[in-house]
Amino acid sequence: LFFFFNDTATTEIYTEQIVGSVRCVQETGIEFTKYITIAHISDLKNSLSQKNTLPKIQMKLCVSLLKYCDLIRIDQLYYEAGMSAKKINNLSMSFVLLNRYLDIYEAIEDPDTNNLGDNTDFEMTDIPSPYDVTVPEQNCIEDKEKEEIRDWLLQISISQKIEQALPTRQCEKCNTKIFEACLCCPKCKTTWEPCVITGYPLVKGQSTNCRSCGKGGLKEHWSEYLSQFATCPWCKQVPN
């Protein structure tokens, strides 16, 4: 379909409207994809949790959801990610995430102070800052469990020498050290597709694809997942 305009001003107006419409469609598509991804990761996480299997993959699914904390309840995301890391003895990850969870807990308890501390540990991630997210009005756990978490963190910091930092990898484009779960480099904005099994980035040379739907998964977790399930987690078809 072609349009012809003799008036330059009219042409410019319609061009701007067309470009605006295209951008709107693109943005809508991105948002739709984001919600589909959230639904998939959440459903898979819950399924593995109910079956009490593949705890490492469960942890990565919980961590992957953190980047959507502007759309899902932030305190629960940090709590579940930190506790799932603790469950598999990933102490460094758990230490950082549960410390941040306690900051959010206190901010919910006393919203007037809004004392969330700095965001240094999360600067090289694509996780939204708690300062940019609306926090819930009530906490998701009781004070007793919060104190148990605080005691555990204190014990770990005193009794064990752990690296109090999130695990990193090198961005393939700008070589910056970034959080291993980043789908978007905070520096150069390079993006990666999420693994269909963990939500982690499909880094070059480390992924394989389902032959039925074409969705990609990290090789190490693909084989681990297929040891427990016969079908692709996305299309529910035999992947090979």
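**Values and labels**

Mentor: Gladly, and let us start with the contacts: among those in the chain with a separation of 6 or more, 53% are between residues 24 or more positions apart. Keep in mind that this is a predicted model.

Trainee: Why are α2 and α3 called roughly antiparallel?

Mentor: Their packing angle is about 155 degrees, and the axes are 8 Å apart. Angles over 145 degrees count as roughly antiparallel, so α2 is roughly antiparallel to α3. The crossing of α2 past α3 is left-handed.

Trainee: What makes up the contact of α2 with α3?

Mentor: From α2 come M59, C62 and V63, and they meet E80, A81, S84 and A85 of α3. Sorted by class, this contact has 5 nonpolar, 1 polar and 1 charged residues.

Trainee: And why are α2 and α6 called oblique?

Mentor: Helix α2 (residues 55-64) and helix α6 (residues 219-226) pack at about 125 degrees, with axes 10 Å apart. Roughly perpendicular covers 65 to 115 degrees and roughly antiparallel begins over 145, with the rest between counted as oblique. The α2 and α6 pair is therefore oblique. Here too α2 makes a left-handed crossing, this time past α6.

Trainee: Which residues meet there, and what are their classes?

Mentor: K56, I57 and K60 of α2 meet E220, H221, E224 and Y225 of α6. By class, that contact has 2 nonpolar, 1 polar and 4 charged residues.

Trainee: How many residues does the largest nonpolar core have, and which have the most contacts inside it?

Mentor: It has 62 residues, and V63, Y78, M93 and L97 have the most contacts inside it. Two or more residues come from each of α1 (8-51), α2, α3 (74-87), α4 (91-109), α5 (143-159), β2 (177-179) and α6. The most come from α4, which gives 12 residues.

Trainee: Why would such residues gather in one place?

Mentor: In soluble globular proteins, nonpolar side chains tend to be buried together. As for this chain, buried residues are 39% of its 240 residues.

Trainee: What does M93 touch, leaving aside neighbours within four places in sequence?

Mentor: M93 is in contact with M59, V63, A85, L166, P167, F179, E180 and Y200. M59 and V63 also take part in the meeting of α2 with α3, as does A85 on the α3 side.

Trainee: Now the loops. How do you know whether L54 is buried or exposed?

Mentor: Buried means under 20% relative accessible area. L54 has 7%, so L54 counts as buried. This residue sits in the loop between α1 and α2, and its phi is positive, about 50 degrees, although it is not a glycine.

Trainee: What makes N175 partly exposed?

Mentor: Partly exposed runs between the 20% limit for buried and the 50% limit for exposed. N175 has a relative accessible area of 49%, so N175 is partly exposed. N175 lies in the loop between β1 and β2, and has a positive phi near 65 degrees without being a glycine.

Trainee: T176 is in that loop between β1 and β2 as well. Why does T176 have the label it has?

Mentor: Its relative accessibility is 14%, under the 20% limit, so T176 counts as buried. Not counting residues up to four places away in sequence, T176 touches M124, R169, Q170, C171 and K187.

Trainee: And how do you know the label for Q138?

Mentor: Exposed means over 50%. Q138 has 62% relative accessibility, so Q138 counts as exposed. Q138 is placed in the loop between α4 and α5. Beyond residues up to four places away in sequence, Q138 touches R73, D75 and I108. Q138 and I108 are 30 residues apart in sequence, yet 6.3 Å apart in space, C-alpha to C-alpha.

Trainee: What makes I72 partly exposed?

Mentor: The value is 25%, between the limits of 20% and 50%, so I72 is partly exposed. I72 lies in the loop between α2 and α3. Leaving aside neighbours within four places in sequence, I72 is in contact with I38, L65 and L77.

Notes
Residues numbered from 1 in each chain as written. Predicted model: local features only at pLDDT ≥ 70, side-chain atom pairs only at ≥ 80, totals over all residues. Heavy atoms only, no water. Axes fitted to C-alpha atoms, helices over the stretch in contact; angles between N-to-C directions. Helix = DSSP H or I, 4+ residues; strand = E, 2+ residues; numbered from the N terminus. Parallel < 35°, antiparallel > 145°, perpendicular 65-115°, else oblique. Left-handed = near helix turned anticlockwise from the far one by under 90°. Contact = heavy atoms within 4.5 Å. Nonpolar A, V, L, I, M, F, W, Y, C, P; charged D, E, K, R; others polar. Core = buried A, V, L, I, M, F, W, Y, C linked by side-chain atoms within 4.5 Å. Buried < 20%, exposed > 50% of the residue type's maximum accessible area, 1.4 Å probe, protein only.
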